[in-house]
Each structure stands twice: as structure tokens, then as C-alpha cells.
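These are my notebook entries on one structure, set down as I looked up each point. The sequence and the coordinates come before the entries.

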Amino acid sequence: MNWERLRAEIDAHIEEKALELIESGVGEPEAWERARREFGNATRVMETSRAVWVWTWLEELTQELRYGLRAMGANRLFTLLAVASLALGIGANTAIYSFMEAILLRPLPVNDPASVVALKFHRPKRPRGETRGFDYEGNMSNHITSGGSFDGNYSVFPYPAFEMFEQRSDLFAATFAYHGQPEARLTVNGAATLGDSVYVSGGFFAGLGASPAFGRALTPEDDRLGAPSVAVVSAGFAQQSYGSASSTLGKTVGVNGRCFTVVGVTAPDFFGVNPEWTPKVYLPLHSYLQTQASRFTEDGKLLSDTASYWLDVMARLQPGVTRERAQAALDPAFAEYFKLYSGTTHEKPRMLVMDGARGLDSLRHRYSQPLYVLMAMVVLILAIACSNIANLLAGARFGSAPRNGRAAEFGRKPLPRHPPVAYRESSPLSRRRSLGTAGRLLERTHAHGAAGDGARGVHLARRLERGRTCRNIRRRGGRRSGFRPRPGMAGDARRCLPCLARSPLFERGRRTPMVSHEHRPSSGRRANRPFLPAAGGCGIVRANFDESAIPSTRIQSGKSPAPRDQHAAGGLPGRSGGRVSRTDPAETRFGAWRSRRYPGSGRAVGWR
Amino acid sequence: MMILQTLRRESLHGYALAQIIKRNSDDLLQVEEGSLYPALQRMLKAGWVAAEWGISTRNRKVRIYRITAVGRKQLEREVSSFQQMLEGISRAMKAVRP
């Protein structure tokens, strides 16, 4: 849509109307005005017409985004803090989530992981001393305990039981077993390292459907007594030990002192069947007998032993067979086997066919609960990060308010954000104002404490709080005289608050400045009462001081005095015209301090 | 509906359309003339009307709107639903009349 055309159309409309009105005898200016008035707001009409054609929300969103970016660019530090806290929160969340994904959610990196099952059995808790039937010459019991878990589920079987499962081709398309050996001694080119190795049955790779990246997988031909010693290594191990995966084939790897020829390298994303550990070397199951030279492995005894529980068994279900059906079919068979070989008659183990798609669940079982807690915590961290930013936003909003608020309280113009250097040097008050609220409070407390007159600070604050800031009222009345400030007087006091605040007197007021005895205004009956010079401009009687009598180090040293000091100095010339003879300010400690601080303030020094 | 109905008789430009609607309603409907244009834009977008440049009676270049076939169908739908509503309301009013 061409907006110029719409504009022209609207103009034509108004013009037609005006011309018609002129023809009917209305004056020209009035005709135009009426035409425009009756048409309504042309810009609004344009906007509404435009909204028909464009995506207004998208435009507004773009505008908002641009505004947001500009605001972020305007305050870089704030943006940095916000981005950092958000990045921390999101980073922690991502890390924990990827951890959870690896352990709880990721399926095995194999073909059709849904049909892979892990075989286990459940054994009711037995009284102590009755486990002898499981032992092989009293030593093999560690195998069953290592495969067991706290809930009485055991994942290991004897080799004959595995053979029994293997024959159930009505249930399983493939059955395969493995025995992990953590921390095996691996030797490559004479350099020995420790690494996880796993002994797998011949059908392991075929059963999982995990094809190797290079070379071939282990087959049932490799897994028999007297077969050549061959191995498959993981992609990571090949890269690390041989330089590249493709050049690994045909090389040798030593496992526990025995040489194996590498015939294959697994795919890089294959991590075995248990996310808890990633085997570096896969060896045929029968070679276990050769690498573990002990009396249990002699003559293949381990393989024929019916009571040594050491093999983890997995299987792939036949199409159409459910886990429940497989479990129901295997249960009596294994119970019979157990009864036959364990030597116990009163115990009946229960067969379990577990979902193997996500790897064996020992790790998951162990860590799932802490992981969920961790996840909840990380969500909390993210919430904290968000509230952090909300805090930062609030802080940024209130950051500058107290300064101007305080300035307004004292009847001054708000200070510039960065006061000039001379200004800052000359007056601690202005420096204080350039600090933050907390800093100002701290510094104020500190300054008063250090000067030994914290009480005065409190007194000052209280007086400020009550609104009775004009000490003149109290001077005139005082507690003893029974004088109470009348409402009108309080008003006076408030009116002269800015003057008082501006006056150095108000800042450091305890040591009341006094004029010398002979020049005190003759008040008659209260001859000894100290006289207080009041701030200028509020109509309260004040003394006049000789400006030239004050040695002003600050002015002579060439530094410019603070504006407020100048103001105070300018506001001080009094009206009474009496000359005050005064002590040299440098003679007393207080006087020296004051003349340093308020050069040219024309203040008299108190009597001693 | 009124715009479509007016355009069904003849193709018109914006000002003439506003004038005719105003006159036909005997000045009962006090509508801001400007609000006609967003409505026309909506109809253009929906394809109920089409516009082309032409010359007005005062010899000024204007856009002349004419109703399309889709617009005619839409008008029929709207008129019938409006009449139904009117009928419903008037019956209800008659029913409660003492």
C-alpha cells in the first residue's frame, strides 16, 4: 500500500468538501476548517489504515527491542552484570541438564534400542550364613555381591545360565553377555595405561546392532577356546593411543600382559552399554580365561561352573514379544536352574527383564534422585539470577535518587554528578554527597566519631527530624526560661532552615561562636548571655564581622573556595554595623580548623 | 455493510461515498468521515472492493472504489444475518409489549 496515495486521497476528500462548502456560501477559511474538523484526525486515519496492512505487533516488538538494546548500551556496567548473572544461571542449568540427559534420558547408541532388555533376577533377602551355595570354592561370592544392588536385584548370571537364555530363541532374537573389568592394564607400544576393558560374548555387537567405524566387530568365531586373540577398541582409545582410528587396525594392544590384535574400532558415539563407564577395549569372553590366570579360570572351569555369578546378560526381544511375556517365560526356568545348582531349596528367585534401552540402570538408580534434587536447585539458581537482575534494576532506579533528594531537602540545586575537583577538595560535605547513600552514612558516622562529637551528630539529626532546626528559638527561650516556641515561630524556624543549612554555623554548632564582651549588643539584664550570630536573610539579628581580619590560607594558596563557602561568605554581612574585635582564628585549634575549612566565612571565635 | 450496499449501486470515490451514506441515513448517523478510510482499507485487503484512480466531478484525481464479486456475496451474507438479528429483536420487543 502506498501511503502517499492514501494521503492524497484524504487531501482530495477534504478539498472536495471545502470546495463544496465554499460553493454553498461559507467563507473560505471557515470552509477549510469545517472540512478538516468533520473529517477528523487525518494522521490517526492514516495510522489505522496502515495497521490494516502491516503487522503492528511486529513493528512494536522491533521498536521495543531497539529501545532495550539502546538502554543496555547506555549502561554498560549494568548490562555486564546482568548478562554475567544470567550466563551463570543458564550455564549451570545447561550443564546439569546435559548430565541428566546422559544418565537418565539418552538411549543406547544402538539400532532399535527399545527392544534391548537387560536380564536380572531378584532375590529375597537371606539370613546371614546361607549364601554358601553361591560360592565357588568360597571365593566367587564377590561376583554376585558386585552384581547386586541394595534392593536385592542381581544382574549377573553363571555362564551355563547364559547358555540357557541363549537357547530361548522364541523370546530373544539375540542374547549376549559381557563382563566388565575396570582398570585393566593396557599396553600400547610398550607404554602401559589403566583403562576399562570389557569381555563380550560373540553376539554382543551383532545383538546390539552396533556396527564398527573401521574393521569388523567381534563375532562368535572369535569367542571360542583356541581362537586367535583379537580385540575391538573404542574410537577414543584408538585416537589417543594410535594417532588415528583408521591406522589402528592390525596393531596390537596388550591387556594384562597378553597381546591382542586390533580388528575393529567402534563408532565414536558408542559408549558400551553402561553410561557409567566407557570401555576402551572389547575382548572376546573366552579370552577372559587367558588374561585372568587363576585357579578359577583353568581349563575353562569358570565357563562351566553353574554357581559362579559373573556375567551381565542382555538380549534383544523377538518382534512381538513383550518384556512381561519374556519375564513370565523365563521365571520358572531360572527358578529350576537356581534350585538345581544353588543347593538351596527354600528360596525362589524372581526373574526380571528390564528395559535396557537406556543402558543398565545401576547408575540411574544411584543418581536419579540426587539429580532431580540438583535439577530443582539449578532452577532455583536461575530464579535467583532473575531476582538478582530485578535487584540490579531496582538499584539502578534508586541509585541517584537520594542525592537529589537530599539536595532538595537542603534547598539546593541538585549537584552535578561529578563535582569539580576544587569543589570536592574544599568541602568534605560536598565530597560526602558524591558518595553513595551507604558511603555517606558510613562517612558521616566516621567523621563525627573521629572528631569526638558523635553526640552532636545525633543531636543535629534529632533536631532536623523534629523540624525545630532554628537554634535561635531555643537560644531566645531556652528550657529554663519556660519559653516554648509558638506555631508562628516554628514557621519562622522552618523558613530560615535553608539559611541555617547553608551557614557553616549549622554544620559545626556546638561551640557557639561568641562576640567579645565589649561589643555584645546591650541586652541589659542578660549581660552574660552569649550572642549567636544568625544566618543572613532571615531577619534574625546578627553580628557583623570584619572580613579583612581573618587570615585566609586557602584563598592565598590560590585554590578556589567551594561555591557554598562563597555563598555563605556572601550571605553573612550583617546589618547592625557593629565591628567585632576577635581572637585570631589561628590561635585556637578550632579556629585554625575553621579558617582552613571556611576561608573568609567571617566567623568570630568563641571565648575561652 | 452500508459501504458495500452503497457501492453496489455505483462505483464511488471516498468523499462521494461519505456524502451519500450521510444523506441516505438522513444525518442520523453521525460518523467521522475519516473513519471511512480504514474501513475501506480493510475491505480492500479482504478483496470485497477494488480501487482504481479516476477523475471526480470537480476534475480532481481520486480513487474510485467498486464492489467485487466476493464483496457482493459478503454483502448478501451480512444483510441476511442483520435482518435475522433485527427480526429476532423486534419479535422479542413485541412479545414483552403490554
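**Entry 1**

I began with R66(B), which is partly exposed at a relative accessible area of 35%. I use the classes as follows: buried is under 20% relative accessible area, exposed is over 50%, and partly exposed lies in between, with a 1.4 Å probe and protein chains only. The model is a predicted one, so I noted its limits: local features need pLDDT of at least 70, side-chain atom pairs count only at pLDDT 80 or more, totals for chains, interfaces and linings use all residues, and side-chain values use heavy atoms, with hydrogens and water left out. Residues are numbered from 1 along each chain as its sequence is written, while chains are lettered from A and ligands numbered from 1 in the order in which they are written.

Which residue forms a salt bridge with R66(B)? I found E52(B), with the closest N and O atoms 4.0 Å apart. The pair links distant parts of the chain, since R66(B) lies in strand β3 (residues 61-67) of chain B and E52(B) in strand β2 (residues 49-55) of chain B, 14 residues apart. E52(B) is partly exposed as well, with a relative accessible area of 42%. The salt-bridge rule asks for a side-chain nitrogen of Lys or Arg within 4 Å of a carboxyl oxygen of Asp or Glu. Helices (H or I, at least four residues) and strands (E, at least two) are DSSP runs, numbered from the N terminus.

**Entry 2. Chain B as a whole**

I counted four helices and three strands in chain B. Along the sequence their order reads α-β-α-α-β-β-α. Of the 98 residues in chain B, 38% are buried. I then took the contacts (heavy atoms within 4.5 Å). Of those in chain B between residues at least 6 apart in sequence, 40% join residues at least 24 apart.

Neighbours within four places in sequence aside, T6(B) is in contact with L12(B), L17(B), I20(B) and I21(B).

**Entry 3. The surface of chain B**

Chain B exposes about 6300 Å², and carbon and sulfur atoms supply 55% of that area. Such areas come from the Shrake-Rupley method with a 1.4 Å probe; for residues, only the protein chains shown count as cover.

Which residues make the nonpolar surface patch of about 560 Å²? I listed M1(B), F82(B), M85(B), L86(B), I89(B) and M93(B). Patches take residues with over 30% relative accessible area and no salt bridge, joining like charges within 9 Å and nonpolar side chains (Val, Leu, Ile, Met, Phe, Trp, Tyr) within 5 Å. I89(B) sits in helix α4 (residues 69-96) of chain B and counts as partly exposed at 45% relative accessibility.

**Entry 4. Salt bridges in helix α2 of chain A**

The search of the whole structure gave 15 salt bridges over all chains. I followed two of them in chain A. E33(A) bridges to R37(A), the closest N and O atoms being 3.4 Å apart. Both residues lie in helix α2 (residues 28-39) of chain A, four residues apart, about one turn of the helix. E33(A) is partly exposed at 48%, whereas R37(A) is exposed at 53% relative accessibility.

E38(A) bridges to R34(A) with closest N and O atoms 3.6 Å apart. Here too the spacing within helix α2 of chain A is four residues, about one turn. E38(A) is partly exposed at a relative accessible area of 25%, and R34(A) at 28%.

**Entry 5. Where chain A meets chain B**

I found 21 residues of chain A in contact with 24 residues of chain B. The area buried between the two chains is about 2200 Å², of which carbon and sulfur atoms give 54%. E9(A), H13(A) and E16(A) supply 29% of the area that chain A buries against chain B, more than any other three residues. Buried area is the accessible area (1.4 Å probe) that two parts lose on being put together, summed over both.

How many salt bridges join chain A and chain B? The count is four. In one, the side chains of K17(A) and E33(B) meet at 2.4 Å, N to O. A network of salt bridges links K17(A), R34(A), E38(A), K22(B) and E33(B).
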